[in-house]
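I am opening a notebook on a structure that is new to me. The entries below follow the order in which I looked things up.

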Amino acid sequence: MKRIIALFLIFSIVFSLSAETITHSSFNYKYESYEEEEFPLWTIELRRAETIFFGSLVFTVPISSLALSVLSNQGIINFENSTQSALMTLSSAAGLSLVVSALDWILGKME
């Protein structure tokens, strides 16, 4: 199995080095910026909420992990195995990120 993976990686590198690079002058493409009313407002709001949700996961996962670790060490909650602990950490982090995203949407509506 290791030989197959090694061969796959070697072939990938060789083929990527021999590939021809595409430049903008090699095809006729002219950039057109989006018009103001090209997308509905709800899609723009959804895109912002998605960006804030996944961006805040960087902060909420460590916070959630720390909080659950403290609660577990205090004996308030007990996990049967590491899978349950990981799922609880990720779900609580996702919940916190959802709250952050919802607060941003509410504050945007209040402006």
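I began with E45, which counts as partly exposed because its relative accessibility is 26%. My cut-offs are under 20% relative accessible area for buried, over 50% for exposed, and partly exposed in between, with a 1.4 Å probe and protein chains only. I note that the model is predicted, that local features need pLDDT of at least 70 and side-chain atom pairs pLDDT 80 or more, and that totals for chains, interfaces and linings use all residues. Residues are numbered from 1 along each chain as its sequence is written, and side-chain values use heavy atoms, without hydrogens and water.

Entry on salt bridges. I searched the whole structure and found three salt bridges (a side-chain nitrogen of Lys or Arg within 4 Å of a carboxyl oxygen of Asp or Glu). E45 pairs with K109, with 3.1 Å between the closest N and O atoms. This pair links distant parts of the chain, since E45 is in helix α2 and K109 in helix α3, 64 residues apart. K109 is partly exposed, at 47% relative accessible area.

I then looked up D104 and R48, whose side chains meet in a salt bridge at 2.9 Å, N to O. Here too distant parts of the chain are linked: D104 belongs to helix α3 and R48 to helix α2, 56 residues apart. D104 is partly exposed, at 21%.

R47 and E50 form a salt bridge at 3.8 Å, N to O. They are separated by about one helical turn because they are three residues apart in helix α2. R47 is exposed at 54%, whereas E50 is partly exposed at 38%.

Entry on the whole chain. I counted three helices and zero strands (DSSP runs, H or I of at least four residues for helices and E of at least two for strands, numbered from the N terminus). I recorded spans of about 65 × 55 × 15 Å for the C-alpha trace along its principal axes. Of the 111 residues, 8% count as buried.

Entry on V100. V100 lies in helix α3, residues 82-110, and is partly exposed with a relative accessible area of 36%. I compared V100 with T43: they are 57 residues apart in sequence and 19 Å apart in space, C-alpha to C-alpha.

Entry on the loop. I found E32 in the loop between α1 (2-18) and α2 (41-73). E32 is exposed, with a relative accessible area of 65%.
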